[in-house]
Amino acid sequence: MDKGLTIMSEFDLIQRYFTRPTPSATLGVGDDAALLRVGDGMQLAVSTDMLVSGTHFFPDADPVLLGHKTLAVNLSDLAAMGAVPRWATLALALPYGKRPHPSPLPSGAGRVVDDAWLEQFSAGFFALAEEYGVELVGGDTTRGPLNLSVTIMGEVPQGAALRRDGAQADDDIWVSGTLGDAALALAHLQDRIVLPPDVFAACAARLHQPQPRVALGLALRGVAHSAIDISDGLLADLGHILERSRMGAEIQFDALPRSAALRKCESRALAQSCVLAGGDDYELCFTAPVARRAGIEKIPATLDVPLTRIGKIVAGNGCTVHAADGGAMQIKEQGYDHFAS
């Protein structure tokens with residue numbers, strides 16, 4: 001253990017780093033459960049995401065950026081539901097202060113977490129929480145390999161939530177932002193490609209500081225028939241819409257929005273994989289009727305979020321990706337799967 005390191009109790013740690021005022025909650029951090037007021041005619045949208053060291057982030061990840069991403073990936077889920085973020089709980093397994101006895105930390109668990117790490121992680125977390133009006137109302141801590149889990153809650157008017165099961169035949173398929181930059185940054189970090197420093201910096205920002213599309217989700221209430229956030233790759237996540245809606249899709253590969261970095265990527269196979277199956281984009285993919293096309297095309301001017309129409313919903317099942325010549329592309333990689341062998 002480092003000399004001079006003072007190890008706090010679990011409750012002191014929570015009090016110092018993760019206890020903030022919760023004015024909209026009847027009861028926040030410090031009891032067996034939080035008590036939350038939900039407005040009349042509103043539904044509570046709840047989602048949980050877990051980030052595991054060595055699986056979702058590198059063990060030496062910057063704690064400020066990691067605090068941001070831990071909350072951002074959950075905010076993205078609420079964006080895909082058209083919900084206003086309100087509250088969150090945070091569960092942390094921390095290799096805090098000293099290595100657990102009797103064995104060293106498992107491979108990938110990372111460095112020992114100290115007070116400086118906690119200060120920076122909580123700063124990144126709360127900076128994004130304050131931006132979106134999220135109150136941290138509870139959670140749990142334990143000593144163990146680094147594992148970060150957030151349950152987020154938001155409000156949406158009764159019957160107004162965006163869902164995966166509403167896609168209809170002839171709907172346009174849209175995506176926000178650009179696809180594949182986060183996956184390209186990861187490829188660089190894994191030595192599968194070497195990017196120029198300025199290009200890597202831009203792509204790394206997409207990987208480490210995703211921007212949840214909450215305002216877009218709200219704008220799509222009553223407009224989109226279905227929506228999902230792109231966390232595991234476009235084909236995988238669009239596939240969830242198709243499965244739940246019992247529909248098929250046709251998309252145009254050349255229509256997929258890509259940054260200059262992806263368009264200049266020397267490996268065409270890698271670029272294709274990043275755009276179609278890379279994951280960690282946290283953009284929204286949604287479907288909407290053709291009659292809504294003109295209105296949707298006006299959204300970018302208001303929200304400063306690019307929107308691109310990439311294809312359409314069709315009868316059947318599965319997704320066909322068309323090349324520039326109109327032929328169907330053979331796609332092997334569909335997206336990230338936590339339990340794939």
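What you have is a predicted model, in which local features need pLDDT of at least 70, side-chain atom pairs count only at pLDDT 80 or more, and totals for chains, interfaces and linings use all residues. Residues are numbered from 1 along each chain as its sequence is written, and side-chain values use heavy atoms, with hydrogens and water left out.

Let's start with helix H2 (residues 63-81) and helix H3 (residues 115-131), which pack at an angle of about 35° with their axes 6 Å apart. Helices (H or I, at least four residues) and strands (E, at least two) are DSSP runs numbered from the N terminus. Axes here are lines fitted to C-alpha atoms, for helices over the stretch in contact, and angles run from 0 to 180 degrees between N-to-C directions. The crossing of H2 and H3 is right-handed; that label applies if the near helix is turned clockwise from the far one by less than a right angle, and left-handed applies if anticlockwise. Contact means heavy atoms within 4.5 Å, and on the H2 side the residues meeting H3 include Pro63, Leu66, Leu71 and Leu75, with Trp117, Phe121, Phe125 and Leu128 among their partners in H3. Sorted by class, this contact has eleven nonpolar, five polar and no charged residues. In that scheme Ala, Val, Leu, Ile, Met, Phe, Trp, Tyr, Cys and Pro are nonpolar, Asp, Glu, Lys and Arg are charged, and the others, Gly among them, are polar.

H2 also holds Lys69. Is Lys69 buried or exposed? Lys69 is buried, with a relative accessible area of 7%, where buried means under 20%, exposed over 50% and partly exposed in between (1.4 Å probe, protein chains only). Leaving aside residues up to four places away in sequence, Lys69 touches Leu51, His56, Leu207, His208, Pro210, Asp280 and Tyr282.

Leu207 and His208 turn up again in the next pair, on the H5 side of the contact with H4. Helix H4 (residues 181-189) and helix H5 (residues 197-208) pack at about 110°, axes 7 Å apart. That makes H4 roughly perpendicular to H5 (65 to 115 degrees; under 35 is roughly parallel, over 145 roughly antiparallel, the rest oblique). This crossing of H4 and H5 is left-handed.

Last stop: Val175, in strand E7 (residues 172-176). Val175 is buried, at 0% relative accessible area. Its C-alpha atom is separated by 4.4 Å from that of Cys285, 110 residues apart along the chain.
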